Amino acid sequence: MSTARFPPSPTRPILNEGPFRALLLENIHPSAEELLAAEGFQVERTSSALKPAELAEKLKGVHLLGIRSKTTVPPEALVYAEDLLAMGAFCIGTNQIDLTAANTHGIPVFNAPFSNTRSVAEMVVAEVIALTRQLFDRSREVHSGQWRKVATGSHEVRGKTLGIVGYGHIGSQLGVLAESLGMRVLYHDVMTKLPLGNSRAVDTLDELLASSDFVTLHVPALASTHMMMGAEQLARMKKGACLINASRGTVVDIAALAAALRSKHLSGAAVDVYPEEPEGNSDGFVTELQNLPNVILTPHIGGSTEEAQASIGKEVATSLSKFFRTGATTGAVNFPMVEAPLIPGTHRILNVHRNIPGVLRDINRIVSDLNANIHAQVLSTDSNIGYLVMDLDQDVSRPVCDAIAGLETDIKTRIVS
């Protein structure tokens, strides 16, 4: 039995009667606003992230929330968000959201695991070439009036080995692109993954580090990946190799990387993510990697192409809209999966409840007592909650919904009509 702390049961069900509000933070692409507005939502957009206390206040009366990577959603931000139905992370990662708290409040969270894959992979390929040709150093020299036409330390990528740590959507596509340049590709993942092309899996991270001319990281922010590239791991890399991190800022020890570059054990690095990042565009950012030779520093732009952002906006907004209209939770990262076609002539009740014995019995008793006819019923559970989708005759849906919302086990109940 889960020990998760549940919110108090609501005093009323949420009805699809509007007006409904969507809050989109951090300059989410207008494609999301267009899609949600077409569904009848009143959409408010902001250019920056919000602090947890500001977010908690802003969420009052909001039904859908969209964020990117800079907004943190802790449990306390959800306590008074009684109308919040779902959240969208318009990015790949969801570590900025307390997924357990969202689950226990009956709020599914959707993300965009596919839409910026190509953009990140292309950036890493560009960085591999730029590092091995030292292009950023030569460019900076010419900008400052210096002419340094040299070939020392400059190489082709053909025949070199790219080591990919994390062979998911980005890592696997990156391997295909690297092979097209004539590179050898190794990868290491904690899960067994089918290789694409001629990529080859290696059993250990140490083996990959020792064999690769370029090591690129594509892992989530987990306890197991926290500072996974420290001084010890960097020392195991080939002398003269380069490290690329476009995953999460917490997976690399920045001080250790700076030391490895100063000692010339590594010949270069490209870093797009940092342990601490500004919440919005600003001046004064500081990192130990600044002003080191052959180091490419970018401000978390791996997925920041117009194509990727437009695609992410559509992908996540579509998931949010579909959940709002039908209760479908396919693709949610913290919720039981249910997707059922709407039945014409019925109303759909969506109920999230504590996953304890007897809930379905109590709900079915309500249905029986009110002489309601069930056209379809689907229940899916996880360790904390149960998610019930039930289609009923329209004339009894409201009293059934009210009665279910009054159960002590209820977390969130609404009607889709």
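The largest cavity in this predicted model has a volume of about 70 Å³. Cavities here are sets of points on a 1 Å grid over the protein atoms alone where a 1.4 Å probe fits but cannot get out, and a volume is the space filled by probe spheres set on those points, with grid points joined across faces, edges and corners. The structure holds two cavities of 30 Å³ or more.

Some ground rules: residues are numbered from 1 along each chain as its sequence is written, and side-chain values use heavy atoms, with hydrogens and water left out. Local features need pLDDT of at least 70 and side-chain atom pairs count only at pLDDT 80 or more, while totals for chains, interfaces and linings use all residues.

**Cavities**

- The largest cavity is lined (an atom within 4 Å of a point) by Leu-85, Gly-106, Phe-323, Leu-350, Asn-351, Val-352, Tyr-387, Lys-412, Thr-413 and Arg-414.
- Two elements give two or more residues to that lining: β14 (346–354) and β17 (410–416).
- By residue type, the lining of the largest cavity splits into five nonpolar, three polar and two charged.

**Surface patch**

- Leu-181 turns up again in a nonpolar surface patch with Ile-129, Leu-135 and Phe-136, and together they have about 320 Å² of accessible area. Patch members have over 30% relative accessible area and no salt bridge, with nonpolar side chains (Val, Leu, Ile, Met, Phe, Trp, Tyr) joined within 5 Å and like charges within 9 Å; the areas come from the Shrake-Rupley method with a 1.4 Å probe, and for residues only the protein chains shown count as cover.
- Leu-135 sits in helix α5 (residues 135–143) and counts as partly exposed because its relative accessibility is 40%; the cut-offs are under 20% for buried, over 50% for exposed, and partly exposed in between (1.4 Å probe, protein chains only).

**Salt bridges**

- The count comes to 19 salt bridges, each a side-chain nitrogen of Lys or Arg within 4 Å of a carboxyl oxygen of Asp or Glu.
- Glu-156 and Arg-158 pair up at 3.0 Å, N to O, and Arg-158 is exposed at 57% relative accessible area.
- Asp-362 bridges to Arg-361 at 3.2 Å, N to O, and also to Arg-365 at 3.4 Å, N to O.
- Arg-365 and Asp-362 lie three residues apart in helix α11 (residues 359–369), so about one helical turn separates them. Arg-365 is partly exposed, at 44%.
- Arg-21, Glu-44 and Lys-58 are linked in a salt-bridge network.

**Overall build**

- The protein has twelve helices and 17 strands, taken as DSSP runs numbered from the N terminus (H or I, at least four residues, for helices; E, at least two, for strands).
- Its C-alpha atoms fill a box of roughly 85 × 45 × 35 Å along the principal axes.
- Buried residues make up 51% of the 417 residues.
- Ala-89 in strand β5 (residues 86–89) counts as buried because its relative accessibility is 0%.
- Ala-89 and Leu-24 are 65 residues apart along the chain, with their C-alpha atoms separated by 10.0 Å.

Notes:
1 Å grid on protein atoms, 1.4 Å probe; cavity = no way out; pocket = protein on both sides within 12 Å on 5 of 7 lines; lining within 4 Å. Nonpolar A, V, L, I, M, F, W, Y, C, P; charged D, E, K, R; others polar.
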